[in-house]
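Please keep the coordinates open while reading, and follow the named residues as they come up.

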Amino acid sequence: MGASAVGVGRERAREPLRVRGRNWLRGFVTRVGHLWVENPADLVRFSARLLGAWRSVLLDLSPRQLGRTLWRFIAQTGRTFLRGVFEVLGLGLAIGFGVGAVARAVGPALQPLFASIIVAVLLRDAIPLILVVFLAGRMGGSIAARLGGYFGQRPGDSPLVSDRDLTQLVLPHLVAGTLTAGVFYGLAAYFTVTGYLTFGEVQRFLADSPDWYFALDSTRSALGIGLVKSMLFGTIVVYVAAAYGIQVRERAEAGVRRSVDVQDAVWETSATVILLATGLSVLFWLTVEAPLR
Amino acid sequence: MTATGSAPSDRRDRSNLIAGAVVLILIAAAAAVGIIALRGGFGRNRGASYSVYLPGVPQLGSGAELLFQSEHVGEVMRTDPPRIGLQLLVTAVTVPEVTETIMLFPGDSVRLAALPETGLVTIALRALDAVTIQSSSGIYTLNRRATNLWLVDASGSQERLVVNGQAIGVRGRPGEVRTGDLIGIGRVRIEWQDLSDYSRVSLRIALAKLRKAAGVSDTTSPRFLLGSRSSIAMANAFGLGKPALRLEPSFGRAAFAMGPDSVIAAAPTVDLERTVQGMLSYLNSPAAVRREPATRFERVVSDLNRSLDQIAELGGRIETILARADAVSREQGGQGMVGRLVLDTVARRDLNSAVRQLSTVTASIADTSRSLLARLKLDTLEAGVTRAIATADVTLKRADSVLGKAGVVVDSLRPIVATVRDSLAPLLGNANGLFNQGNTVAKGLRVPLGAALISLVGLSVTGILKLIGVF
């Protein structure tokens, strides 16, 4: 056995460089096709299927099923919230204290600049982007792995997902992702602003109230845009994760490379979501007037 | 994990292989188009060449932006080392008046044509100390004799030179010209300036962008677009951002100075940091080596110094009188007739003390090798020697207090400016540079974006073909 393994290893080592290079190139080009064509095609196909499953959505929302459906939504939202709330609190505090400390260091002459530009940019653009990275890793990866690796846990499970299963699997995650992203954004924004206004001092953080800052028109505008972006990003995270996860699950019908596909689906979910969120942020950014642009 | 159904897997791999090849080809094509476009291909680099002479050494590298209303309309091509030259403001006294800036270096000359019927006026800088102005009435030669002093030789002309509205060289009016004097020759008025260092900054202005930014017709001629009153100023926002130039075009009449170069005037600028630094330097410099006051602040400082000199002189006189009285009282050990008659022992001791203190005070005030602040910060004044000096003491204390506060304010400006510059430069400077670069890139991305769009369409077509199972 051992000698055989060594023999196989030697056999592989003897492959000419040209062959190995050609195999690598072939794998690279195939990967490019998978990432840039197959995955977007999967997203389109998934969207079409989700739209085609409207009857199942109506059935889930019918009076007879509504209670059960709502309970699924609530349970999923609660689980998603509890899994990420502490990380988001830490994230908000870290950003707030960091910005507050920097604002204190640069002195009173530049603090208006911070309040009018840097904190506004943080609330409107930076926090949603940071949040989407966190959500893509925590929530997206989890959904993609769970949906993609579901097949085979019980005898008789079918890899194919019916319309009814599709809505029941995806809709609770979509609702949970959207709502949780909004709540997470609110928490992160609150702690960021409070940390900034108290210049990173814990005593003042506990004593002062940032209500006056949240009442400013500019702050409310930035908060509104940031909230919408965060909820949209949360939806995108779940959407992409569900699309890739279910695609992997159904691809398992062929019985090949299932675990590798699940691993790929997890990291591709993060990469795709971050790419989409960055693109959308640039589009949002282009709508902002000078001099911020 | 093994490939139990290798046929679908192979089919999928083959499909992805074809799709990947298409994507890579599209990416390579889009990248090639983008690189060509960003390097100035596809006509982006079309523009007109202009130059501006900025005083000193402007911190402008190649590629620095030229902005009009925050829009990119051109860039710096090259900044030459500074040269000593003569920059004059010339005005054609016509209706309406046309004013423009001309720049002369040794050996250069420029012809001015205010009105065709009045003939040409030619100004030439023969050497760094000789300027000739030739008109229909003859030749005037201006020879530089000292800093900001040019002597006029009108022997080559039939008429006297008119400066500030009056002929010079007659009725005791000296035949000289200084900075700010207005020389009138026919229909041309020249505002004189002394020699200085100027750096030539060569620019490329995208006239199409400028027309678009200014909202004028696409057929507007460059001579109208950048009329004679156009100017360029530094726009570095106190050093916070990347240095750039700000263009203020003046639409209208064509230039009347027929120079060899398309020169745009440099607009006067205010550099806060340099101004504060100059005020501090002037305030802290010894009075003896201080230059003639040129600004209001410097005049105030100069007046204060003059007042101190007068106080010192007054103190000196009092000191002399007291010293004589002291000398008289000291004769015969203070026991002489005069001494006993003039002062008793206690009064004589007080007098000696007063003389010493006054001597200290006047010596400090009269020391012009010290700065104004140093001359005013004298605690010995607190003793008060005489009522007159005591009065001066109060006045000086007030002046000291006011100047001390002014000094504190001026001093406090320096750390703020330094903080703004040092603290924000890494942040806002980089961000600003990034935004500017992004802005520039975004504006130059029209062609690459088109290529990217076509690539995206190609990508979509590939995806659709894959979806319907073509490969």
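Chain B exposes about 25800 Å², with 57% of that area supplied by carbon and sulfur atoms. Accessible areas here come from the Shrake-Rupley method with a 1.4 Å probe, and for residues only the protein chains shown count as cover. For chain A the accessible surface is about 14900 Å², and carbon and sulfur atoms hold 68% of it.

The model is a predicted one: local features need pLDDT of at least 70, side-chain atom pairs count only at pLDDT 80 or more, totals for chains, interfaces and linings use all residues, and side-chain values use heavy atoms, with hydrogens and water left out. Residues are numbered from 1 along each chain as its sequence is written, while chains are lettered from A and ligands numbered from 1 in the order in which they are written.

The scores for the model are ipTM 0.74 and pTM 0.50. In chain B the mean pLDDT (the predictor's confidence in each residue, from 0 to 100) is 70, and 49% of the residues reach 70 or more. Confidence in chain B is lowest in helix H6 (residues 337–342), at a mean of 49, and highest in strand E8 (residues 130–135), at 89. The pLDDT falls below 50 over residues 1–5 of chain B, a stretch that has 10 contacts in the model beyond near neighbours in sequence; a contact means heavy atoms within 4.5 Å. Residues 378–388 of chain B are also below 50, with 14 such contacts. Where pLDDT is low, the predicted coordinates should not be read in detail.

Next comes the secondary structure. Helices (H or I, at least four residues) and strands (E, at least two) are DSSP runs, numbered from the N terminus. Chain A has 10 helices and zero strands, whereas chain B has 10 helices and 20 strands. Of the 293 residues in chain A, 44% are buried, and of the 471 residues in chain B, 37% are. Buried means under 20% relative accessible area, exposed means over 50%, and partly exposed lies in between (1.4 Å probe, protein chains only). Among contacts in chain A between residues at least 6 apart in sequence, 84% join residues at least 24 apart. In chain B, residues 24 or more positions apart account for 58% of the contacts with a separation of 6 or more.

Rings of Phe, Tyr and Trp (its six-membered ring) pair if their centres lie within 6.5 Å; planes under 30 degrees apart count as stacked, over 60 as edge-to-face and the rest as tilted. One of the pairs, Phe134(A) with Phe184(A), is tilted, at 6.3 Å centre to centre and 55° between the planes. Phe134(A) belongs to helix H5 (residues 111–148) of chain A and Phe184(A) to helix H6 (residues 163–197) of chain A, so the pair ties together parts that are 50 residues apart in sequence. Both residues, Phe134(A) and Phe184(A), are buried. Ring pairs also join Phe81(A) to Phe134(A) and Phe184(A) in a cluster.

Gly78(A) lies in helix H4 (residues 63–106) of chain A and is partly exposed, at 28% relative accessible area. Its C-alpha is 9.9 Å from that of Leu179(A), a residue 101 places apart from Gly78(A) in sequence.

In chain B, helix H2 (residues 207–214) has Leu207(B), Leu210(B) and Arg211(B) as its buried residues. Seen down the axis of H2(B), these fall within an arc of 100°, so they line one face of the helix; the arc is that of the directions from the helix axis to the C-beta atoms. An α-helix has 3.6 residues a turn, so residues three or four places apart point the same way. The face of H2(B) turned away from the buried side carries the exposed residues Ala208(B) and Lys212(B). The buried residues of H2(B) pack against several elements of chain B, among them strand E1 (48–55), strand E16 (196–205) and helix H3 (222–225). Arg211(B) counts as buried at 12% relative accessibility. Not counting residues up to four places away in sequence, Arg211(B) touches Val216(B), Ser217(B), Asp218(B), Thr220(B), Pro222(B) and Leu225(B). Just after H2(B), Gly215(B) takes a positive phi of about 70°.
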